[in-house]
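Please read them with the model open beside you.

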Amino acid sequence: MSSLKFGTSGLRGLAVELEGQAARRYVAAFLRHAGALGLLGGGKVFIGRDFRPSSPAIARDCAAAIGLFGLEAVDCGTVPTPALALHAMAAGCCAIMITGSHIPADRNGLKFYVPGGEISKADEAGILAALRDEAVPDGAAAMSDEFALVVERYVARYAGLLPEGALRGLRVGVFEHSSVARDVLGRVMRQAGAEVVSLGRTDGFVAVDTEAFGDAVFGPLKGWIESENLDAIVSSDGDGDRPLLMDRRGAFVRGDVLGLLAAKVLGARTVVTPVTSNSALERTGFFETVLRTRVGSPYVIEAMETAAGGVVGFEANGGTFVGNGIVVDGRALEPLPTRDAVLPLLCALGLAARRGVGLDAIVAELPLQYALADRLQDVPAEKSGAFLRRLGEDRAFAEAFFAPHGIASLSTIDGLQFRTLSGDMVHFRASGNAPELRCYVEGSTPEVARGLLDWGMRAVAEQVR
């Protein structure tokens with residue numbers, strides 16, 4: 001049975017299963033589906049990729065399928081996913097990003113874009129319906145190279161977003177690892193006036209999950225804050241659509257907090273975010289409307305499309321979407337309906353600089369529940385599914401499982417989100433991208449949150465191991 005499937009954002013699976021005919025067939029299916037809807041655009045299809053070892057070969061497979069349809073495949077190189085999407089939208093063309101995002105290097109994926117932006121869940125169903133078993137032959141022509149154009153368009157998007165020299169006086173570290181956003185992040189921070197220090201650049205691919213703060217890959221960051229005298233460290237995941245930010249005290253700023261701050265800075269009237277984002281969002285009173293969705297960028301984008309003007313979306317990982325009606329200092333910010341890591345980082349640092357305080361002070365003002373998250377890796381989907389079904393459907397089992405905390409309420413928007421009798425939260429859901437079972441918690445104090453997460457991880461491990 002193939003591991004390839006559409007998850008929370010794009011097609012994902014083992015790289016060895018995607019490379020070759022599988023990638024070609026899925027790209028051909030995407031183009032059939034887009035063509036049936038009249039969405040093939042201007043005759044080009046832009047291809048971007050991350051630094052995974054398997055990505056260049058899969059890019060060639062994509063080009064072979066594109067050539068079969070008489071379209072021109074354009075090589076955009078190793079660029080951030082939002083940069084590729086922005087460039088393709090400006091050209092009125094489709095795009096394909098080859099990336100496994102934050103999941104391990106032995107996996108990879110495809111993210112598809114029509115001229116209007118990231119595809120929807122209905123589009124995913126259309127692609128699957130258009131999938132055929134027939135082989136896609138070689139024969140793609142040499143691709144033109146638009147790497148530099150993609151990068152320049154993306155960097156220009158942020159020129160003027162903050163007042164000139166807004167970050168002057170700040171010393172910002174860029175944790176580069178193997179992110180395709182590493183050079184862009186440095187440029188954008190310098191463009192805003194910051195002094196930039198490059199940190200941790202790697203030649204080989206490193207899987208970075210920006211929600212898993214306890215991972216060993218983040219071990220050196222706090223030491224760099226001290227040794228390099230930094231005001232902050234910024235980074236992203238492998239394909240540059242999930243942000244990471246550490247403040248001057250060596251504390252990580254959660255992604256949903258970054259999204260909240262970005263929405264405030266951008267003057268959003270409506271915010272769209274999944275159920276896993278911090279419950280403080282409604283309590284701030286910053287926004288006229290808050291819409292909650294299932295986890296996954298297609299769900300956020302779908303809700304944004306029908307929302308009133310002045311719309312910003314974000315996910316719990318901090319990836320931020322710009323909808324219609326966002327104006328910054330009299331300049332309309334072009335919609336970009338896909339996750340972006342650079343925007344929330346720039347907004348958060350700009351807000352702190354304008355206020356003349358550290359990020360820690362900005363975050364401390366928010367009415368946050370203390371939130372933590374972790375995941376059990378290598379949990380097959382069938383085990384996660386069986387556990388979640390039993391926990392959601394067998395009341396006696398759920399009450400016994402939650403005996404240490406009690407159950408006040410249950411939400412099933414995505415996975416199972418329990419409110420305990422003390423008003424805290426524990427949320428279990430299976431990852432849509434990898435064989436992982438995720439646990440999210442919110443507690444009234446840091447100690448309560450840590451205790452809930454430790455308990456949740458132990459309790460669920462006993463059920464699925």
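1. Charge. This is a predicted model. The protein carries 46 positive and 55 negative side chains. The centres of these two sets lie 1 Å apart.

2. Overall size. The C-alpha trace spans about 60 × 55 × 45 Å along the principal axes of the protein. A compact globule of 465 residues would have a radius of gyration near 23 Å, and the protein has 22 Å, so the value agrees with that expectation.

3. Secondary structure and contacts. The protein contains 16 helices and 23 strands. Take the contacts between residues at least 6 apart in sequence: 69% of them join residues at least 24 apart.

4. Surface and interior. Of the 465 residues, 59% count as buried, that is, they have under 20% relative accessible area. The protein exposes about 17400 Å², and carbon and sulfur atoms supply 51% of this area.

5. Strand β13. How many residues of strand β13 (residues 270–274) are buried? Five of its five residues are, and the strand is described as mostly covered. Thr270, Val272 and Pro274 point one way from β13, while Val271 and Thr273 point the other way. Residues on both sides are buried.

6. Neighbours of β13. Strand β14 (residues 289–293) runs parallel to β13, and five bridges join the two. Within this pairing, proline 274 stands opposite threonine 293 of β14. β13 also pairs with strand β15 (residues 311–314), again in the parallel sense, over three bridges. Here valine 271 has valine 312 of β15 as its bridge partner.

Notes: Residues numbered from 1 in each chain as written. Predicted model: local features only at pLDDT ≥ 70, side-chain atom pairs only at ≥ 80, totals over all residues. Heavy atoms only, no water. Helix = DSSP H or I, 4+ residues; strand = E, 2+ residues; numbered from the N terminus. Rg over C-alpha atoms; globule rule 2.2 N^0.38 Å. Buried < 20%, exposed > 50% of the residue type's maximum accessible area, 1.4 Å probe, protein only. Contact = heavy atoms within 4.5 Å. Areas by Shrake-Rupley, 256 points an atom, 1.4 Å probe, with all protein chains shown as cover. Lys, Arg positive; Asp, Glu negative; His and termini not counted. Charge placed at Lys NZ, Arg CZ, Asp CG, Glu CD. Pairing = 2+ DSSP bridges.
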